[in-house]
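Me: I've just opened this one and I'm new to it. Can you walk me through it?

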Amino acid sequence: MTIPKPVALVTGASSGIGEAIANKLVAAGYRVYGTSRRGARAERQAFAMLALDVTDDASVEAAVAELLRLEGRIDLLINNAGFGLAPAAAEESSIEQAKALLDTNFLGVVRMTRAVVPHMRRLGVGRIINIGSILGVVPVPYVALYVASKHAVDGYSQALDHELRTHGIRVVVIEPGYTKTAFESNSFQADAKLDLYEDIRVKVTKVVNQAMASAEGPDVVADVVLKAARADRPKLRYTAGKAAAQLQFMRRFAPAGLLDSGIRKAMQLA
Ligand code: NDP
């Protein structure tokens, strides 16, 4: 008798971290379905692609129904789809922009979870791995809305894990630091800019660009995801990358004042 391969669904697998995760899971023996708002791409890929927009209820339901029609089960859900806003003060984004960010980064995770959990519950087994960020636990300024979206993912995941553990399903958050992908170029500019923040925007953008230039690649995150997917007793949170590990260490063990002043120093704030 052959044991069927576990089936994994990876949102936002058209580039960056999601693509690296999908490829890593294929190599590890999973049957992998990636998603993109654009659907299947012309060039050959190691994994199948489904069309999915995580902000659209009908699109989420259709993609999950299609995967269940093809495979009959989902063992692993990786909620990775997300985007950022270029550095700017919190008050430089409209409420519409804040809603759009949360709609993808947080409610996208909620929609996917609601669609997939009933099937995992029926099987009595499953794992959901949410790609949060180290900014989901560390409040870095001038990306406040992104920080808020990833704190939401963190809180939701931790609470959800308590609920679903009873049904054989575990929920994990991965916290990458800066990772070299198209993330920055796919970030949106603040839509309500104010002249008074021009200088600080330039300064913080420079700091972020410098950090991105020396950032680790998406494979580092994919390795951690695979570890979390395979762990018999997964942790609630895994950091990914050296910078994220250093920040998490400071957050856990250094006095709060030290992290506070460290954040201001790193962002070159007076
Ligand atoms: P990319 O911009 O390279 O990839 C983003 C992916 O998300 C794309 O595949 C895109 O697919 C998909 N996506 C965006 N919006 C939607 C949507 N509404 N519905 C479905 N898919 C969507 O960035 P990264 O790979 O860097 O980012 C992946 C995740 O990692 C994000 O959640 C991000 O917040 C997180 N992260 C990134 C870090 C970094 O420094 N790069 C650090 C920490 C966390 P398509 O456009 O084809 O639809």
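Reply: A quick definition to start with: helices here are DSSP runs (H or I) of at least four residues, numbered from the N terminus. By that naming, Ser-59 is found in helix H2, residues 57–71. Keep in mind that this is a predicted model.

Me: Is Ser-59 buried or exposed?
Reply: Ser-59 counts as buried because its relative accessible area is 18%, and the cut-off for buried is under 20%.

Me: What does Ser-59 touch, not counting residues up to four places away in sequence?
Reply: Ala-51, Leu-52 and Asp-53.

Me: Let's switch to the ligand. Which residues come nearest?
Reply: There are 31 residues around the ligand, and the nearest ones are Ser-14, Ser-36, Arg-38, Tyr-146 and Thr-181.

Me: What is Ser-36 doing there?
Reply: An N or O atom in the Ser-36 side chain sits 2.6 Å from an oxygen atom of the ligand. Asn-186 also has a side-chain N or O atom 2.7 Å from a ligand oxygen.

Me: How much of the ligand does the protein bury?
Reply: The protein buries 95% of the 890 Å² that the ligand exposes when taken alone.

Me: And which elements give two or more residues to the shell around it?
Reply: Those are helix H1 (16–27) and helix H5 (144–165). By residue type, the shell divides into 12 nonpolar, 15 polar and four charged.

Me: New topic: the largest nonpolar core. How many residues does it have?
Reply: That core has 28 residues. Ile-21, Leu-25, Ile-78, Ile-129 and Ile-174 have the most contacts inside it.

Me: Which elements build it?
Reply: Strands S1 (7–10), S4 (76–79), S5, S6 (169–176) and S7 (237–240) each give two or more residues, and so do helices H1 and H7 (218–230). H7 gives the most, with seven residues.

Me: What is Ile-21 in contact with?
Reply: Leaving aside neighbours within four places in sequence, Ile-21 is in contact with Val-10, Ile-78, Ile-131, Ala-222 and Val-225.

Me: Okay, what about Asn-130, where does it lie?
Reply: Asn-130 lies in strand S5, residues 126–131. Its relative accessible area is 0%, so Asn-130 is buried.

Me: Which side chain does Asn-130 make a polar contact with?
Reply: The side chain of Ser-157, at 2.9 Å. Beyond its neighbours within four places in sequence, Asn-130 is in contact with Ser-157 and several others, including Asn-79, Val-109, Val-153 and Ile-174.

Note on methods
Residues numbered from 1 in each chain as written. Predicted model: local features only at pLDDT ≥ 70, side-chain atom pairs only at ≥ 80, totals over all residues. Heavy atoms only, no water. Near = heavy atom within 4 Å. Polar contact = N/O pair within 3.5 Å; in protein donor to acceptor, adjacent residues only side chain to side chain. Areas by Shrake-Rupley, 256 points an atom, 1.4 Å probe, with all protein chains shown as cover. Nonpolar A, V, L, I, M, F, W, Y, C, P; charged D, E, K, R; others polar. Buried < 20%, exposed > 50% of the residue type's maximum accessible area, 1.4 Å probe, protein only. Contact = heavy atoms within 4.5 Å. Core = buried A, V, L, I, M, F, W, Y, C linked by side-chain atoms within 4.5 Å.
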